[in-house]
Amino acid sequence: MNNNCPECFSTEGLRFTFSQVEIENKFYSKAQKEITETLECETCNQIIYPVNWNEDIERVYNYHKKLAKPKSTAVQLKPLAYLLILLDALLIGWAIYYFSS
Ligand SMILES: [Zn+2]
């Protein structure tokens with residue numbers, strides 16, 4: 001983006017970074033709904049916080065926000081979870097077999 005940096009007034013360093021937080025544990029990973037965005041200036045290496053944004057930055061921000069599509073927030077099962085489900089099924093199968101014979 002070609003806006004002025006509120007800190008060093010350079011017009012070349014400003015850069016938006018959009019990122020999505022992902023919760024992850026052993027069994028599944030799930031992307032958070034909200035996207036966090038940071039505005040950084042590569043010229044003065046400052047993070048420009050929203051309080052310091054001017055109208056132009058705000059406009060660019062809203063434009064980019066529309067383009068940034070969040071990842072699906074559906075839970076994605078990991079292999080370990082599938083393995084446990086499979087083991088469960090085997091165990092139940094075995095139990096049925098064992099108790100019915
Ligand atoms: Zn700057």
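Before opening the model I wrote down one cut-off: a residue counts as buried when its relative accessible area is under 20%, and as exposed when it is over 50%. I also noted that this is a predicted model.

**Entry 1: the zinc site**

With that cut-off in hand I went to Cys 5, which counts as buried because its relative accessibility is 0%. Cys 5 is one of the zinc ligands: the ion is coordinated by the SG atoms of Cys 5, Cys 8, Cys 41 and Cys 44, at 2.2 to 2.3 Å. I checked the geometry next and found a tetrahedral site, with angles of 103 to 115° among the four donor atoms. For comparison, I jotted down that the ideal angle for four tetrahedral donors is 109.5 degrees. Along the sequence, the donor residues follow the spacing C-x2-C-x32-C-x2-C. Cys 5 sits in the segment before strand 1 and Cys 44 in the loop between strand 2 and strand 3, so this pair links distant parts of the chain, 39 residues apart. Cys 44 has 26% relative accessibility and therefore counts as partly exposed.

**Entry 2: the overall fold**

I then stepped back to the whole protein. I found two helices and four strands, in the order β-β-β-α-β-α from the N terminus. The radius of gyration is 24 Å, well over the 13 Å from the globule rule for 101 residues, so the protein is more spread out than a compact globule. The C-alpha atoms fill a box of roughly 80 × 25 × 20 Å along the principal axes. Buried residues come to 17% of the 101.

**Entry 3: salt bridges**

How many salt bridges are there? I got a count of four. In one of them, Lys 78 pairs with Glu 24, with the closest N and O atoms 2.6 Å apart. Lys 78 is in the loop between strand 4 and helix 2 while Glu 24 is in strand 1, so the bridge ties together parts 54 residues apart in sequence. Glu 24 itself is exposed, at 53% relative accessibility.

I also looked at Glu 37 and Lys 65, which meet at 3.6 Å, N to O. Here strand 2 is tied to helix 1, across 28 residues of sequence.

Asp 56 and Arg 59 form another bridge, at 3.4 Å. Both lie in helix 1, three residues apart, about one turn of the helix.

**Entry 4: a nonpolar patch**

Last, I looked over the surface. A nonpolar patch there has about 1,100 Å² of accessible area, and its members include Phe 27, Tyr 28, Val 75 and Leu 77. Helix 2 gives the most to the patch, with eight residues. Leu 77 comes from strand 4 and is partly exposed, at 41%.

Technical notes
Residues are numbered from 1 along each chain as its sequence is written. This is a predicted model: local features need pLDDT of at least 70, side-chain atom pairs count only at pLDDT 80 or more; totals for chains, interfaces and linings use all residues. Side-chain values use heavy atoms; hydrogens and water are left out. Patches are made of residues with over 30% relative accessible area and no salt bridge: like charges are joined within 9 Å, nonpolar side chains (Val, Leu, Ile, Met, Phe, Trp, Tyr) within 5 Å. Accessible areas come from the Shrake-Rupley method with a 1.4 Å probe; for residues, only the protein chains shown count as cover. A salt bridge is a side-chain nitrogen of Lys or Arg within 4 Å of a carboxyl oxygen of Asp or Glu. Buried means under 20% relative accessible area, exposed over 50%, partly exposed in between (1.4 Å probe, protein chains only). Donors are N, O and S atoms within 2.8 Å of the metal (3.2 Å for Na, K and Ca); water is not among the atoms, so sites may look incomplete. Four donors count as tetrahedral if all angles lie between 85 and 135 degrees; four count as square planar and six as octahedral if opposite donors are over 155 degrees apart and all others between 65 and 115; anything else is irregular. The radius of gyration is taken over C-alpha atoms; the globule rule is 2.2 Å times the number of residues to the power 0.38.
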